[in-house]
Amino acid sequence: MAINERIEQLTAAADLNSPAPEQEPARQAWFMARARKLIEKRAAEAGRELTFRVETFGCQMNARDSEKIVGILESVGYREARSEDADFLVYNTCTVRDNADQRVFGRLGRAGHLKKNRPGMKIAVCGCMVQEKSNVEKIRKSYRFVDLVFGTHNLYRFAEYLCNCLETEGMIVEIWDRADRIVEALPVARKYPFKSGINITFGCNNFCSYCIVPYVRGRERSREPIEILRECERLVSDGVVEIMLLGQNVNSYGKDLETPCSFAELLQMVCEIEGLKRIRFMTPHPKDLSDEVIRVVRDNEKIARHIHLPLQSGSDRILKRMNRRYTKEQYISLALKIREQIPDVSITTDIIVGFPGEEDCDIDDTIDVIRRVGYDNAFTFIYSKRAGTPAASMPDQVPDREKNRMFDRVLAAVQETAHARAGLLTGRTMEALAEEVNVKDSSYITCRLSNNMLVHVPGDPSMIGKMLQVRLDECRGFYFFGRVV
Ligand code: SAH
Ligand code: SF4
Ligand code: F3S
């Protein structure tokens, strides 16, 4: 794959008779060469290929990190397994809400049983959850069969940890409190051949009072525009038609660079890449989404007609306690400006219900925003207390029963606006990217519209990865049935 050329050259040139170089990425390339040898030997001993499995929890950042982990595992000679019964099993974890943690511990328990029947199996846990000391302690104490624990800031060293893990027994724990650098050029295996996410910033500086992300992902760091553009170009030459630019708040992109570059400028440059057909980005924070960005989206048809604009709450009192730095009216005028400037745009959001001190009158405000903005879709989450965040020590936590009641109210309002918005498109013909064979009926292909909605059309796998003109015949609430025209 073209994208891995640089690291391939370094790996081929690695001199295993000398100690590992200090410089990156040459150091990781050296460990990849060493791991290749080890795996070759073990596969020969076992008389079969060795397998891996990476299980991903959480957001697109984690999905992208998993692609980096898979990239390394594949390039050292493992083959992907269909289940968790594999020789090298990785859990890339999320800790944004408590249920995410619980799911991982449940799965990890089952993995321990698999390991009993598979000699030489290695189990690794990485990602946001293990940036918290209490979770690492729990793994050390109750999941002693785990071989490797590494954090979000040192993921680029995975090849090195993998090697150490293959050559030693006992649990290796490597967690850093902060990132020391951004290492470019490591191998990446993409889940989809035709679309890809790419990181533009890492970390977050916003410290919304409920949120654990700034603690587990560290401070905001931007990649150099040239690195981002190069990566996009390599992806396009490798067959990618859609790219999603990823950051916890894309609006703050480039402020920390030696030569600053705004997100609007970056977006414009990415638009100019020939052969790239569709661009998405996630997530713009409502506090600083600039007119420039809106203008660049409006003027470039390549940029998806979709803005994900997390509201969290519609109540000024709650927004203040959440440290979101906008008011209800500021948010609404921003959303309406987007609707006015970008025809056919879909606006989606995230909402938290049951934040400490929240009452029914606050939910009334949230529902008012839902109706006035008319969301095309929304993810609603029940507030989950995260240890160490300011909201966790607020005295007026809302009882679960109340939270559930509030959740139902918000969900009903969201469903109303989402159905109404989707209905408006029935009968239109729009461009859609064919993504995969429909999971329920293999005679249908699932395609994604520019506005992020799905449409299922009769077809076959040869269509996958292509941009098609699709007529939206029938609306089923959140998705369509249609046909290629
Ligand atoms: N950086 C992005 C989102 C990060 S987390 C942003 O600012 O929008 C994704 C979503 O998880 C958030 O938008 C929020 O709605 C939700 N979330 C974060 N912390 C939460 C918590 N403690 N309880 C419930 N939902 C939470
Ligand atoms: Fe969390 Fe707020 Fe940062 Fe998003 S902007 S990751 S919600 S702290
Ligand atoms: Fe979860 Fe970490 Fe993303 S906590 S939401 S995987 S940044």
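Start at ligand 1 and select glutamine 248: an N or O atom in the side chain of glutamine 248 is 2.8 Å from a nitrogen atom of the ligand. This counts as a polar contact, meaning a pair of N or O atoms within 3.5 Å; within protein, one must be able to donate a hydrogen and the other to accept it, and residues adjacent in sequence count only if both atoms are side-chain atoms.

Before you go on, a word on what you have open. This is a predicted model, in which local features need pLDDT of at least 70 and side-chain atom pairs count only at pLDDT 80 or more, while totals for chains, interfaces and linings use all residues. Residues are numbered from 1 along each chain as its sequence is written, chains are lettered from A and ligands numbered from 1 in the order in which they are written, and side-chain values use heavy atoms, with hydrogens and water left out.

**Stop 1: around the ligands**

Then show aspartate 350: one of its polar side-chain atoms lies 2.7 Å from an oxygen atom of ligand 1. There are 15 residues around ligand 1, and Gln248, Pro310, Gln312, Asp350 and Ser384 come nearest; a residue is near a molecule or strand if one of its heavy atoms lies within 4 Å of it.

Next, select ligand 3. Its surroundings are Gly58, Cys59, Asn62, Cys94, Thr95, Val96, Cys128, Arg217 and Gln248. This shell has four nonpolar residues, four polar and one charged, where Ala, Val, Leu, Ile, Met, Phe, Trp, Tyr, Cys and Pro count as nonpolar, Asp, Glu, Lys and Arg as charged, and the others, Gly among them, as polar.

**Stop 2**

Most residues other than glycine have a negative phi, and most peptide bonds are trans. Go back to glutamine 312, where phi is near 70°, a positive value. You will find glutamine 312 in the loop between strand E12 (306-308) and helix H11 (316-322); helices (H or I, at least four residues) and strands (E, at least two) are DSSP runs, numbered from the N terminus. Is glutamine 312 buried or exposed? Its relative accessible area is 7%, so it is buried; buried means under 20%, exposed over 50%, and partly exposed in between (1.4 Å probe, protein chains only).

Arginine 325 also has a positive phi, near 65°, and sits in the loop between H11 and helix H12 (328-341). Arginine 325 is partly exposed, at 48% relative accessibility.

Now look for two cis peptide bonds. One runs from glutamate 24 to proline 25, with omega near 0°, and proline 25 is in the loop between helix H1 (5-13) and H2. The other joins methionine 282 and threonine 283, with omega about 5°.

**Stop 3: H2 against H6**

Select helix H2 (residues 26-46) and helix H6 (residues 158-167), whose axes come within 8 Å and cross at roughly 35°. These axes are lines fitted to C-alpha atoms, for helices over the stretch in contact, and angles run from 0 to 180 degrees between N-to-C directions.

**Stop 4: arginine 64**

Finish in helix H3 (residues 60-75), the place of arginine 64. Arginine 64 is buried, at 3% relative accessibility, and its side chain makes a polar contact with the side chain of glutamate 67 (2.7 Å).
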